[in-house]
Amino acid sequence: MPVKAMILKEFLELRRDRRTMAMIIALPLLLLVVFGYAANFRVSDVPTYVYGPQAQAVASQLKAPFDVKKVDEAGTPDQATQALREQDAGAVVVTGQPGEPGTVLIDGSNLFSAQSAAAAAAASGGVFKPQVLFNPELKTSWVMVPALVGMIMAFIGTIITAIGLVRERQAGTLEQLAVMPFKASDVIVGKIAPYFVLAAVDMVLVTVLGCLVFGVPFAGNAAILALGAALFLFTVLGIGVLISTVSQNQGQAMQMALLTLMPQILLSGMIFPLAAMAPGVRWIGYLFPLTYFNMISNGVMLRDAPVSSLALPLGVLAGMAVLVFTAAVLRFRRDLAPSAPKAAHKTPATAGSAR
């Protein structure tokens with residue numbers, strides 16, 4: 001039967017297309033794991049410092065979600081604010097003299113942790129007065145806009161770059177460049193430079209519009225954000241180049257790009273808080289560059305975080321950029337650059353061989 005033959009043909013095609021089969025199998029498993037273990041908006045543990053003259057007594061009485069990490073009877077409100085700005089703690093309880101209610105300073109840039117801490121403080125019956133910093137009204141847009149900046153750059157850097165390079169590879173122009181006297185790194189840098197500029201323009205556009213339309217503050221140093229964005233862009237552009245070198249067509253490039261983007265969006269803390277994820281899934285999130293850029297953009301825009309407190313995400317992104325770009329250059333050189341044709345060496349015929 002013609003229909004039976006067509007069905008058999010499609011099954012055979014799917015069996016030969018390993019990337020499509022991998023996506024069909026891996027994507028449902030990924031969604032199951034993510035929504036089973038990571039889809040949790042309730043934060044049960046908020047790292048908490050306790051400062052002030054009654055710090056020891058108050059710390060022993062604090063209950064969940066406050067997870068006391070430090071007690072300092074000499075701590076001041078300014079030190080409490082600095083601890084939140086550098087995200088050493090999610091909440092700081094500042095105690096007063098006996099009989100005076102304490103104040104719970106809460107980091108509003110971490111939306112779900114702040115909501116849990118504010119609710120617990122409000123339910124204390126006047127023992128603690130909640131005070132939310134950096135996002136006083138706990139607006140979702142203030143937290144989402146910095147994360148969207150990274151998501152847009154990841155989309156352009158991964159999907160658009162991978163598809164663009166594969167399209168040129170199919171057209172044969174990439175191989176033509178490879179046989180010219182260029183290094184593999186020169187070709188890659190030349191190809192990704194327009195995408196880098198485009199993503200940078202989009203980043204500025206989204207950041208400005210987010211501040212103007214949604215009232216998101218930009219409290220920190222723009223140079224720190226620019227440095228983090230540059231490192232993040234080099235990383236995701238390198239991932240796009242790597243995808244293009246292992247893809248035979250644009251469909252395969254799109255599939256692989258989605259397989260790298262979806263886990264980043266779901267496990268980077270952009271949608272679900274990292275603190276609410278199961279430990280195993282949470283550590284997977286720390287393998288993705290978007291996780292670290294979210295830390296930088298959130299810290300710079302909302303908390304005016306100093307560069308010292310952002311040294312870890314900046315350093316991790318720098319390491320990722322070097323590793324991914326190096327792997328992209330090596331992969332390009334091995335798989336895309338054609339080997340130089342061997343010159344035909346002819347042995348001159350001797351006078352005696354003609355006879």
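**The main core**

Start with the largest nonpolar core of this predicted model. The core has 33 residues. To find its middle, select M153, F232, F293, L310 and L317, the residues with the most contacts inside the core. Then colour the elements that give two or more residues to this core: α6 (140–171), α8 (184–213), α9, α10 (250–267), α12 (289–303) and α13 (311–335). Of these, α9 gives the most, with nine residues. As background, nonpolar side chains in soluble globular proteins tend to be buried together.

Now select F293 and display its surroundings. Which residues is F293 in contact with, leaving aside neighbours within four places in sequence? They are P146, V149, G150, M153, L225, G228, A229, F232 and L317. M153, F232 and L317 in that list are also among the residues with the most contacts inside the core.

**Helix α9**

Next, select residues 222–245, which form helix α9. The helix has 24 residues, and from its first C-alpha to its last it reaches 34 Å. That is close to the 34 Å expected at 1.5 Å a residue. Because 17 of its 24 residues are buried, α9 is largely enclosed by the rest of the structure.

Go to the start of α9 and show the side chain of N221. A side-chain oxygen of N221 comes to within 2.9 Å of the backbone nitrogen of A223.

Beyond the other end, select S247, in the loop between α9 and α10. Is S247 buried or exposed? S247 is buried, with a relative accessible area of 0%. A polar atom of the S247 side chain lies 2.7 Å from the backbone oxygen of I243.

**A residue in α10**

Move on to Q264, which lies in helix α10. Q264 has a relative accessible area of 2%, so it counts as buried, the limit being under 20%. Not counting residues up to four places away in sequence, Q264 touches F288, P289 and L290.

**The sheet**

Turn to the strands. Five of them form an open sheet, in the order β2-β1-β3-β4-β5, with mixed pairing. In general, strands of a sheet pair through backbone hydrogen bonds, either parallel or antiparallel. At the edges are β2 (66–72) and β5 (128–133), each of which pairs on one side only. On average, neighbouring strands of this sheet are turned by 25° against each other, direction ignored.

- Y51 stands opposite V94 in β3.
- Select β3 (residues 91–94) with β4: these strands run antiparallel and are joined by four bridges. Here V92 has L105 as its bridge partner in β4, and V94 has T103.
- Select β4 (residues 102–107) with β5: these strands run parallel and are joined by six bridges. G102 stands opposite F128 in β5, and T103 stands opposite K129.

Which residues lie on each side of β4? G102, V104 and I106 are on one side, with T103, L105 and D107 on the other, and all are buried.

**Helix α5**

Finish by selecting residues 111–122, helix α5. At 1.5 Å a residue, its twelve residues should span 16 Å, and the end C-alpha atoms are 16 Å apart, which agrees. Colour the buried residues of α5: L111, S113, A114, S116, A117, A118 and A121. In an α-helix there are 3.6 residues a turn, so residues three or four places apart point the same way.

What do the buried residues of α5 pack against? Show β1, β2, β4, β5 and α6 to see the elements they pack against.

Definitions and conventions
Residues are numbered from 1 along each chain as its sequence is written. This is a predicted model: local features need pLDDT of at least 70, side-chain atom pairs count only at pLDDT 80 or more; totals for chains, interfaces and linings use all residues. Side-chain values use heavy atoms; hydrogens and water are left out. The expected span of a helix is 1.5 Å times one less than its number of residues. Buried means under 20% relative accessible area, exposed over 50%, partly exposed in between (1.4 Å probe, protein chains only). A polar contact is a pair of N or O atoms within 3.5 Å; within protein, one must be able to donate a hydrogen and the other to accept it, and residues adjacent in sequence count only if both atoms are side-chain atoms. A nonpolar core is a set of buried Ala, Val, Leu, Ile, Met, Phe, Trp, Tyr and Cys residues joined through side-chain atoms within 4.5 Å. Contact means heavy atoms within 4.5 Å. Two strands pair if DSSP finds at least two bridges between them. Axes are lines fitted to C-alpha atoms, for helices over the stretch in contact, and angles run from 0 to 180 degrees between N-to-C directions.
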